[in-house]
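Please open the model in your viewer and keep the selection tool at hand.

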Amino acid sequence: MTDVIHTRAELVAATAAAPDQVAVVMTMGALHEGHRQLMRAARERSAFVLVTIFVNPLQFGPGEDFEKYPRTLEADLEACRAEGVAVVFAPSRAEMYPDGPPQITMNAGPLGEILEGASRPGHFAGMLTVVEKLLRLTRADVSYFGEKDYQQLTLIRRMVFDLELGVGIAGVPTVREPDGLARSSRNRYLSAAERTSALALSRALREGAAHDDPDAVLATATKILEDEPGIRVDYLALTGADLGPVPASGPARLLVAARVGGTRLIDNVPVRLGKGH
Ligand SMILES: Nc1ncnc2c1ncn2[C@@H]1O[C@H](COP(=O)(O)OP(=O)(O)OP(=O)(O)O)[C@@H](O)[C@H]1O
Ligand SMILES: CC(C)(CO)[C@@H](O)C(=O)[O-]
Ligand code: BAL
């Protein structure tokens, strides 16, 4: 049985009665296989999985897709029931921000300024603010996030470390379509032709990551992206696994963001640099 609740009072009652650790999966709804993988990972750890569904206005900039973001609550609840989720918390905007937009918000620091942060100013401050609130409101023991949003995951880990939030953060590898496209709620905006163009992102990352030399990684990925006329690349970046400088050898990350028609997509993969890795 999955309880669907909308208020803080109901949330307090639900978590007080939790029979196990509170394992939280935070989402903006329009649930797909990627979200379901997070729920399954959470279920392995706890009998009490709580999913939040909230399209957080604070993390959307002017001209972004806050209004048109897909809202599919009934189908989302079906997915949560099928995954054995104990509680779905789907608050209204007023429930989350009873006094309007908060005056005190998170500062995402220097890691919040690069890549996604450079393209979406204020996005990570808004994201961290709601994640911190949801960690507290749900009394989470552990929370699960996808590597698809790798910079988000990295920043959440950093916030938990820097602010001693005392909650576990678990990362889950990106779930892909059989042809490689990373699952995303925004994929449903794509026409058939755009979806074909969008495949260049995962192909560029996959073929780039097959190399162990940074120049070859970037040259391979760049060529594939340049050869696809249906996309406009926002960034392609090779970083350390912590999003810092590229190491001479060892784990690194290759990240991309691009517009396909009117849709902005992101993706990333791990890379092993240096011979013998
Ligand atoms: N393909 C995926 N594989 C693994 N985790 C995912 C995937 N897609 C989303 N997630 C994770 O699900 C959680 C909720 O993400 P969100 O609701 O924004 O979905 P989304 O599909 O990333 O949406 P969008 O792409 O439109 O931002 C995040 O932790 C996110 O990283
Ligand atoms: C973590 C999150 C639910 C916060 O709004 C959102 O950024 C997302 O869906 O990845
Ligand atoms: N998936 C990250 C949330 C966002 O794009 O706003």
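Begin by selecting ligand 2, around which you will find M26, T27, M28, N56, Q59, M127, V130, V131, D149 and Q152; a residue is placed near a molecule here if its C-beta atom, placed from the backbone, lies within 6 Å of it. Helices (H or I, at least four residues) and strands (E, at least two) are DSSP runs, numbered from the N terminus. Coloured by class, the shell around ligand 2 shows five nonpolar, four polar and one charged residues, where Ala, Val, Leu, Ile, Met, Phe, Trp, Tyr, Cys and Pro count as nonpolar, Asp, Glu, Lys and Arg as charged, and the others, Gly among them, as polar.

What you are viewing is a predicted model, in which local features need pLDDT of at least 70 and side-chain atom pairs count only at pLDDT 80 or more, while totals for chains, interfaces and linings use all residues. Residues are numbered from 1 along each chain as its sequence is written, and chains are lettered from A and ligands numbered from 1 in the order in which they are written.

Next, select ligand 1, which has 18 residues around it, with G34, G146, R183, S184 and S185 coming nearest. Both α2 and β5 (142-146) supply at least two residues of this shell, and α2 gives the most, with four. By class, the shell around ligand 1 divides into six nonpolar, eight polar and four charged residues.

Stay with helix α2 (residues 33-45) and pick out H35, where UniProt, in an unreviewed entry, places the feature "active site"; UniProt positions are given in the numbering used here, feature names are shortened, and annotations may be inferred rather than shown by experiment. Is H35 buried or exposed? H35 is buried, because 27 other C-beta atoms lie within 10 Å, and the cut-offs are 20 or more for buried, 12 or fewer for exposed, and partly exposed in between, with C-beta atoms placed from the backbone.

Finally, select V25, V49, L50, V51, V85, L128 and V131, which touch the most other members of the largest nonpolar core, a set of 41 residues. To this core α6 gives the most, with seven residues. A nonpolar core is a set of buried Ala, Val, Leu, Ile, Met, Phe, Trp, Tyr and Cys residues joined through C-beta atoms within 7 Å. A second, separate core of 25 residues includes I231, V256, V260 and V269.
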